[in-house]
Amino acid sequence: AEQGLPEAQFNLGVCFSFGEGVVQNKAEAAKWFRAAAEQGLARAQLKLGVCFVNGEGVSADTAEAAKWFRMAAEQGHAEAQFKLGVCLFCGEGVEENKVEAVTWFRAAAQLGWPDAQFMLGFCLAEGEGVAENKAEAAEWFRDAAKQGHSEAQFSLGVCLDKGEGVAKDKAEAAKWFRTAAEQGHNEAQFSLGISFFHDEGVREDRSEPAKWFRPAAEQGDAKSQFYLGVCFAAGAGVEQNKEDAVSWFRKAAEQG
């Protein structure tokens, strides 16, 4: 690294960042990431940008972060393209420009980066920075969902549940809600609970609604708290317990 080899500089930065073989030192890590980044190593440019976002080893500076993300993005680094897109979408470190953000999301999405596929789907679904196109949105949600992206799995489930951009299919919607729910996605847990509550796209199972409402309720989801209260009040899938029902109703009510 001291001879100026960028790959060695990058690897030394990683060692200092994680304390692998050396005492962890975020400032020293950032120094070596910068050395490699200034020689044009895209991975190091990304890492240095992340350091500036998080204030790790350097003072937090969103403008510097965006600068280094752009350098890596222009070399075709998918994660950097996504992160630059986020900066542009949110106006962090750069002037907000949702049209350009979509350009970078699309570039990273086409390289298979799941976060970018999801964000491109979101932009297309909402008409943010691009003309609304719910069919294309659903395609990108599906690509990200297949890679295990829980937010995309939930969003694809919503598309299928409502028939937005795809043919309505309650059974497939429930499948994607379950996949996201099993990763702890609280909105998906609620939606899967509702699927079982109304017997939509799933086999009837009285124990399942409460099973999925509970984890979402415990994460603070007001709708799930209300429906879990209903389950306790009626003894649906759980032992009837009026006190527990009131407790969950209260929690939901306190959220307005």
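Phe 190 and Phe 213 are both buried, where buried denotes under 20% relative accessible area, exposed over 50% and partly exposed in between (1.4 Å probe, protein chains only). The model is predicted, so that local features require pLDDT of at least 70 and side-chain atom pairs count only at pLDDT 80 or more, whereas totals for chains, interfaces and linings use all residues. Residues are numbered from 1 along each chain as its sequence is written, and side-chain values use heavy atoms, with hydrogens and water left out.

Aromatic pairs were assigned to rings of Phe, Tyr and Trp (its six-membered ring) with centres within 6.5 Å; planes under 30 degrees apart count as stacked, over 60 as edge-to-face and the rest as tilted. The count comes to 13 aromatic pairs by this rule. Phe 190 and Phe 213 form a tilted pair, because their ring centres are 5.9 Å apart and their planes lie at 40°. This pair links distant parts of the chain, with Phe 190 in helix α11 (residues 186-197) and Phe 213 in helix α12 (residues 208-218), 23 residues apart. Helices are DSSP runs (H or I, at least four residues), numbered from the N terminus. The rings of Phe 226 and Phe 249 are likewise tilted, since their centres are 5.6 Å apart and their planes at 40°. Phe 226 belongs to helix α13 (residues 222-234) and Phe 249 to helix α14 (residues 242-254), so this pair ties together parts 23 residues apart in sequence. Phe 226 is partly exposed, with a relative accessible area of 40%, and Phe 249 is partly exposed at 29%. Ring pairs join Phe 190, Phe 197, Phe 213, Phe 226, Tyr 227 and Phe 249 into a cluster.

Nonpolar cores were defined as sets of buried Ala, Val, Leu, Ile, Met, Phe, Trp, Tyr and Cys residues joined through side-chain atoms within 4.5 Å. The largest such core has 64 residues, and those with the most contacts inside it include Phe 10, Phe 105 and Leu 120. Leu 120 touches Val 102, Phe 105, Arg 106, Ala 109 and Trp 140, residues up to four places away in sequence not being counted; contact here means heavy atoms within 4.5 Å. Another core, of eleven residues, lies apart from the largest one and has Phe 190, Phe 213, Cys 231 and Val 238 among its members.

Cys 231 counts as buried, at 0% relative accessibility, as does Cys 87 at 6%. The structure holds zero disulfides, a disulfide being a pair of cysteine sulfur atoms within 2.5 Å. The sulfur of Cys 87 has its closest cysteine sulfur in Cys 90, at 8.0 Å, which is too far for a bond.

Key: Helices (H or I, at least four residues) and strands (E, at least two) are DSSP runs, numbered from the N terminus.
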